[in-house]
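The structure it describes is shown here.

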Amino acid sequence: MLVKVGSRELEMHGEHLTELRSSNDILHDIGALRERMEEDGYLLIRGFHDREKVLEARTSILLKMGQMGKLNRDTLLEDGVMADGSKSIFMGGTNEDLPALLNVLNGDHIMRFFDDFLGDKSLTYHYKWLRAVGKGDFTGAHYDIVYMGRGTHNVYTVWSPLGDVPYEMGGLAICLGSHRFENLKASYGSKDSDRDGVSHYSDDPLVITEKFGGQWATTEFQAGDVLIFGMFLMHCSLENTTNQYRISVDARYQSMNEEVDERWSGKKPKGHSK
C-alpha cells in the first residue's frame, strides 16, 4: 500500500515507512513510559482521551466551520466534507469559544498524567494549535523546538486526532531516532522561527533519512488516541487525499516550575513575533 508522506509516496511496511508502536502495554507504569519516551522519542497511546468527549469537541468545531461556510451543506455534518473551493483552516488560539475541546485538553485526566509523567505539577499552554487540514495539504517535516524554544526545552506535544484518521486522511508521521540526530539538533534544532525565519526542514521526508538515518513511522488513528513527543522529534504529516477535513489539535505540556515560552501562554498569547 502506497501512502503519501509529505511530498513522497512511500510503501507502508516497506523500506522507508513502518508502523508506530503502541505504549498501551505499559500505560500504568510511569517508569516504563519514561524509558519508552527516552528510547523511542514518542508515546502512542490508544484511547487515551474519552472518545465521546473527543467526538463532542469535534462536533462543536464542525458547527463553527459550518457557520464559516467551509462545509458541504449537502452532506452530514459529522463527515466534515469540504465545501467547494474551501482550503485548510488554522484555528490556533485559546479556543475559549470551544469549551468541549478545552475540556479534553485541559481536563483532570491529561493533567494528572503529566503530573505523574513529569514527577512535578504540570501546566498546559493556553494556546492550542487547532487545524482542519483539507485535500492535498500536509505539514512538512520539522522539530517543534524551533517554534517554542524560548522557555524550557522539556516541553511535550500531544497531538490528538479529533475524529478517526485513516492513512488517506493524513495523520502524523514521525522519524524514528530523530531525537538523537545530534548534528540536526545542533543546527536546525538551534534555530528560532521568529528570530531566524526558519520553518519546516523539508517537505521531502527522505531528505532527512538519507542524510541522518532513521525510518519514518505512522499509523491509522482513532478518536481518543494521542501521540506524545518532545521538542526534538522530527515529524510531518501524510497528505490528506480525501475531500473530508482532517481535524486535529496540538497541545503542549510542561512542568509548572520550569520557564515558559511566553509567546504561547497567558490570557492573550501573542504567538509568533520577533
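A nonpolar core is here a set of buried Ala, Val, Leu, Ile, Met, Phe, Trp, Tyr and Cys residues that are joined through side-chain atoms within 4.5 Å. The model to which this is applied is a predicted one.

**Nonpolar cores**

The largest nonpolar core comprises 39 residues, and those with the most contacts inside it are Met65 and Ile228. If neighbours within four places in sequence are left aside, Ile228 is in contact with Met37, Gly41, Tyr42, Leu43, Ile45, Phe113, Phe114, Tyr156, Thr157 and Val158. Another core lies apart from the largest one; it has 31 residues, including Tyr127, Ala141, Tyr167 and Ile208.

**The chain as a whole**

The chain is built with 7 helices and 13 strands, and its C-alpha atoms fill a box of roughly 50 × 45 × 40 Å when this is taken along the principal axes. For 274 residues a compact globule would have a radius of gyration near 19 Å, and the 18 Å of the chain agrees with that expectation. Of the 274 residues, 53% count as buried, while the chain exposes about 12200 Å², of which carbon and sulfur atoms supply 46%. Among the contacts in the chain with a separation of 6 or more, 80% are accounted for by residues 24 or more positions apart.

Where in the chain is Asp144 placed? Asp144 is in the loop between strand S7 (129-133) and strand S8 (156-161). Asp144 counts as buried because its relative accessible area is 2%, and buried means under 20%. Its side chain makes a polar contact with the side chain of His235 at 3.3 Å, and a polar contact with the side chain of Arg252 at 2.9 Å. With neighbours within four places in sequence left aside, the residues in contact with Asp144 are Thr157, Phe229, Met231, His235 and Arg252.

**Salt bridges**

The structure holds 19 salt bridges; the table gives some of them.

| Pair | Closest N to O |
|---|---|
| Arg51 and Asp164 | 3.0 Å |
| Asp261 and Arg263 | 2.6 Å |

Arg21, at 36% relative accessibility, counts as partly exposed, and Glu39 is partly exposed with a relative accessible area of 46%.

In the salt bridge of Arg51 with Asp164, Arg51 lies in helix H2 (residues 51-67) and Asp164 in the loop between S8 and strand S9 (172-176), so the pair ties together parts that are 113 residues apart in sequence. Arg51 counts as partly exposed at 34% relative accessibility, and Asp164 is partly exposed with a relative accessible area of 33%.

Salt bridges that share partners join Asp261 and Arg263 with Arg150, Asp192 and Asp194 into one network.

Definitions and conventions: Residues numbered from 1 in each chain as written. Predicted model: local features only at pLDDT ≥ 70, side-chain atom pairs only at ≥ 80, totals over all residues. Heavy atoms only, no water. Buried < 20%, exposed > 50% of the residue type's maximum accessible area, 1.4 Å probe, protein only. Contact = heavy atoms within 4.5 Å. Helix = DSSP H or I, 4+ residues; strand = E, 2+ residues; numbered from the N terminus. Polar contact = N/O pair within 3.5 Å; in protein donor to acceptor, adjacent residues only side chain to side chain. Rg over C-alpha atoms; globule rule 2.2 N^0.38 Å. Areas by Shrake-Rupley, 256 points an atom, 1.4 Å probe, with all protein chains shown as cover. Salt bridge = Lys/Arg side-chain N within 4 Å of Asp/Glu carboxyl O.
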